[in-house]
Amino acid sequence: MKQLSRENAASFTFPPDIQAPDLTVRPVKVLQFGEGNFLRGFVDWMIDRMNRAGVFNGSVQIIQPISRGMVEELNEQGGIYTLFLRGLRKGSVIEQKELIASVTGGINPYRDFEAFLRAAENPELRFVVSNTTEAGIAHTPEELPLNAPSASFPGKVVQLLYQRFSRFHGAADKGLVFLPCELIDRNGDNLKRIVLQLTREWKLPEDFRRWILEANVFCNTLVDRIVTGYPREQAGEYEGELGYRDKLLDTGELFHLWVIEGPAELKEEFPLQNADIRVVWTNDMTPYRTRKVRILNGAHTMTVPAAYLAGMETVGECLADNVVASFMKKGIFDEIMPVMEMPKKELKEYADEVLERFANPFITHYLLDISLNSVSKFKARVLPSLKDYISRKSEVPGILSFSLAALIRFYRGSELKNGSLSGTRGGSTYRITDNLDNLEFFCGLWTEHAEGSKNLAQVAETALAESRLWGEALTGLQGLAAAVAAHLENIQRAGMLAAIKDLL
């Protein structure tokens, strides 16, 4: 079986359900930090779509952001790869196969720093996208490296910009547009702040700093698509369907959304909307972030501890179980959405799509994986809805308060070892993973207060009073401690699944 590459793709006979790649040579307009599955299944797919629609005419050059990566494999195939998008659409199973040819190749700056600098000198270059993980947009103190890449992503951005500034003598029309995809709030603002901080620490010229501020744009963005990556277990089956080998084979869900907060004129320079891409150009992305965090992320965090202790293993199982699915839906539609500011029609459409995405039979999301750092997730994703509900309706929401009780019960463990706490479910143990301070708190809490129901009110009171967990003491929310204690007592008496049924 032949391996896919840009050189031999023209001679391939592709299956009838996959369109031959568009191998047109296009100028590099996009520099991309990160060669991983997400960007290739999201941004590069979108750029390929724009090229096919005839509205962009640009290609992507990838920069490997860390010393170890897959640029060699990328270059071996000339940047070309196959993308499988699979999922449910209005209840029907849909599968799309596409050949993505928007990437021309990649550079490993740790092996070829000069090539990295030359990329900065490309006059056609206009956009920079990135996904260097949540930890990538962070300040790392270091000396200005000479003839070598900075250890950090923001440091590499400074090197890129300074080379471009020097090459084009500070020309205003040679600034770049940054579209970071890292999953942190205000990602563009944070990247810009750290870049400017490094220019001061490295004592770079003031006119360079001024050029960064005046000629470059750092957009805040919100990305939304589950990209599951290389299908290791099914790779042979997929390649059998395709008739060729593809080391860069990528998979993801059908749903996608890119919210970009930036100048309105960028909409015409980067016309995603003209290629049937779901993009929102806005001057304030806050409502869209709130919608995603509270509904999509919030539904996960609200449901996972209760569902796992009720015997579920995956998100798909939750949607297939009438009791747990009803718990999730009631939480979304009756308690989260009513206290949100966006139009109710938009919220309902988004929530319906979220539930269909959760039910996607091609994606396996393990509840224990989602449970990682559940305390901070609850604080960011669920607590704002719970507080808003109490504030507006002067009563404690049943589902959201139960989810808090389930979280406290999920963190019940007495053995803290190697940075994790062991919980028990039905005679077997599971791993509770969080920061050590949180684990020590819950271990001590449950050790001090034995299982007797007379102590569960104290468990609830003590947990809610620990402001370090939630950013504030929750005992001030009227009725919440009593509600959480009552839920804990019912969970202990009846078991988790029966307690959820009683709640419904």
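Leaving aside neighbours within four places in sequence, Asn297 is in contact (heavy atoms within 4.5 Å) with Lys292 and Arg381. Asn297 belongs to helix H10, where helices (H or I, at least four residues) and strands (E, at least two) are DSSP runs numbered from the N terminus. With a relative accessibility of 11%, Asn297 counts as buried; the term buried denotes under 20% relative accessible area, exposed over 50%, and partly exposed the range in between, for a 1.4 Å probe and protein chains only. The model is a predicted one, in which local features need pLDDT of at least 70 and side-chain atom pairs count only at pLDDT 80 or more, whereas totals for chains, interfaces and linings use all residues. Residues are numbered from 1 along each chain as its sequence is written, and side-chain values use heavy atoms, with hydrogens and water left out.

A nonpolar core is a set of buried Ala, Val, Leu, Ile, Met, Phe, Trp, Tyr and Cys residues joined through side-chain atoms within 4.5 Å. The largest such core has 81 residues, and those with the most contacts inside it are Ile295 and Leu404. Apart from this core lies another, of 37 residues, among them Phe56, Val223, Leu248 and Val279.

When residues up to four places away in sequence are not counted, Leu404 touches Phe378, Leu464, Trp470, Leu474, Leu480 and Val484. Trp470 is found in helix H20 (residues 467-470) and is buried, with a relative accessible area of 1%. Under the exclusion of residues up to four places away in sequence, Trp470 touches Val375, Phe378, Lys379, Leu383, Leu404, Leu407, Ala463 and Leu464. The C-alpha atoms of Trp470 and Ala135 are separated by 22 Å, the two residues being 335 residues apart along the chain.

Helix packing was examined next. Two packed helices are described by the angle between their axes and the distance between the axes. Axes are lines fitted to C-alpha atoms, for helices over the stretch in contact, and angles run from 0 to 180 degrees between N-to-C directions. The axes of H17 and helix H21 (residues 480-494) come within 9 Å and cross at roughly 60°. That makes H17 oblique to H21, given that angles under 35 degrees count as roughly parallel, over 145 as roughly antiparallel, 65 to 115 as roughly perpendicular and the rest as oblique. The crossing of H17 and H21 is right-handed; a crossing is right-handed if the near helix is turned clockwise from the far one by less than a right angle, and left-handed if anticlockwise. The contact is made by Gly398, Ser401, Phe402, Leu404, Ala405, Ala406, Ile408 and Arg409 of H17 and by Leu480, Ala483, Val484, His487, Leu488 and Ile491 of H21. These residues of H17 and H21 divide into ten nonpolar, three polar and one charged, where Ala, Val, Leu, Ile, Met, Phe, Trp, Tyr, Cys and Pro count as nonpolar, Asp, Glu, Lys and Arg as charged, and the others, Gly among them, as polar.

Helix H17 (residues 398-410) packs against helix H22 (residues 496-503) at an angle of about 165°, with the axes 11 Å apart. H17 and H22 are therefore roughly antiparallel to each other, and H17 passes H22 in a right-handed crossing. Gly398, Ile399, Phe402 and Ala406 in H17 meet Met496, Ala499, Ile500 and Leu503 in H22. Seven residues of the contact of H17 with H22 are nonpolar, one is polar and none is charged.

For helix H12 (residues 322-336) and helix H13 (residues 344-358), the packing angle is about 160° and the axes are 11 Å apart. H12 and H13 are therefore roughly antiparallel to each other, with a right-handed crossing. Met328, Lys329, Ile332 and Phe333 of H12 make the contact with Lys348, Ala351, Asp352, Leu355 and Phe358 of H13. The contact of H12 with H13 comprises six nonpolar, no polar and three charged residues.

Several loop residues complete the description. Asn147, in the loop between strand S6 (127-130) and helix H5 (153-167), has a phi near 60°, a positive value in a residue other than glycine. At 66% relative accessibility, Asn147 counts as exposed. Lys203 lies in the loop between helix H6 (187-201) and helix H7 (206-215), and its phi is near 55°.
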